[in-house]
Amino acid sequence: GIFMGGGDPNRTNEIDYITIAQKGNATDFGNLSGARFSGAGASSNTRGLFMGGGTPTRLNIIDYITIATTGNAADYGDLSDEGSQGGGCSNQTRACYMGRSSSSVLVNVIDYGTIASTGNFNDFGDLAAVREQNAGSASPTRGLNWGGITPSGTNAIEFITIATKGNTQDFGDTITTGNVMSGAGGSATRGVLGNGQHPSPSVTDIIQYVTYATTGNAADFGNLTDERNDAAAVSDSIRIAWGGGVNPSACDIIDFVNIATLGDAVDFGNLLGNSRTAFGGVSSGHGGL
């Protein structure tokens, strides 16, 4: 599981990683091409992408890493427009970037690219409404967009079929309302969301989940070890771990749950170096693979 970029509140280009199956502190992986925060992650089992972000100037940059080998990120291409605070999801083939805050407005655009290649992202479709500070997760067939700001808080969950382009469809509702940025992941059958606001600006420790194959509202899973938002999630289809976040200042906490069983999160370890918030996470074994 790999954590990329973020703020503490200063912008950083740090990339660090954990082995999700083994508790412990994060280790240095390398660096992004530049310091930025509020980008989103997506990955196959070999390559991770970090999409968009801000300095705080919004960027259209996409970086990529090879997950099995440590080292610095390289240029992948560009989003269709600059933006940050969108949601990322992927299966083994495609990465999608859903919604964003551009330089002047919120947008509902969904971009996509083929993870194994490099180049600019193309149009996939649209969310039901403009959105930022949303979260993404996926099974091998469906990608979910969780919550966000429209600019008021929303509890909508929407889904796409990753293999076919098109607009989102309604899935259900989250328990929380508002900012849940980068806080979702899961297994091939269950999507799990931790951290966020309920409603903004109240920070929550709620963990909630859905079953990808059915539509419906999210149900209570348990609680994080601490209330916070803007944490980044990474998962290996058995565990999902959340790193960092803010309440009211940035932290270096990593905690986790077992995806198949309900319950509260327990301590995993700590991020490397600085406390961080508003960053992206990828892994080589998440639910979309």
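Modeller: Before we start, a contact here means heavy atoms within 4.5 Å. This is a predicted model, in which local features need pLDDT of at least 70 and side-chain atom pairs count only at pLDDT 80 or more, while totals for chains, interfaces and linings use all residues. Residues are numbered from 1 along each chain as its sequence is written, and side-chain values use heavy atoms, with hydrogens and water left out.

Colleague: Okay, which residues is phenylalanine 124 in contact with, leaving aside its neighbours within four places in sequence?

Modeller: With those neighbours left aside, phenylalanine 124 is in contact with Arg94, Cys96, Ile110, Asp111, Tyr112, Ile160, Thr161, Ile162, Thr164, Lys165 and Gly166. For one of them, tyrosine 112, the C-alpha to C-alpha distance is 5.9 Å, and that residue is 12 residues away in sequence from phenylalanine 124.

Colleague: And where is phenylalanine 124 placed?

Modeller: Phenylalanine 124 sits in strand E11, residues 122-126; helices (H or I, at least four residues) and strands (E, at least two) are DSSP runs, numbered from the N terminus.

Colleague: Is phenylalanine 124 buried or exposed?

Modeller: Phenylalanine 124 counts as buried, because its relative accessibility is 3%. Buried means under 20% relative accessible area, exposed means over 50%, and partly exposed is in between, using a 1.4 Å probe and protein chains only.

Colleague: Switching topic, how many salt bridges does the structure hold?

Modeller: The structure holds 6 salt bridges, where a salt bridge is a side-chain nitrogen of Lys or Arg within 4 Å of a carboxyl oxygen of Asp or Glu. In one of them, the side chains of arginine 276 and glutamate 14 meet at 3.6 Å, N to O. Arginine 276 lies in the loop between strand E23 (266-270) and strand E24 (280-282), and glutamate 14 in strand E2 (residues 14-17), so this pair ties together parts that are 262 residues apart in sequence.

Colleague: What about aspartate 63 and arginine 36?

Modeller: Their side chains also meet in a salt bridge, at 3.2 Å from N to O. Aspartate 63 is in strand E6 (residues 61-66) and arginine 36 in the loop between strand E3 (27-31) and strand E4 (40-43), so parts that are 27 residues apart in sequence are tied together. Aspartate 63 counts as buried at 1% relative accessibility, and arginine 36 counts as buried at 1% as well.

Colleague: Which residue forms a salt bridge with arginine 228?

Modeller: Arginine 228 pairs with aspartate 255, the closest N and O atoms being 2.9 Å apart, and both residues are buried.
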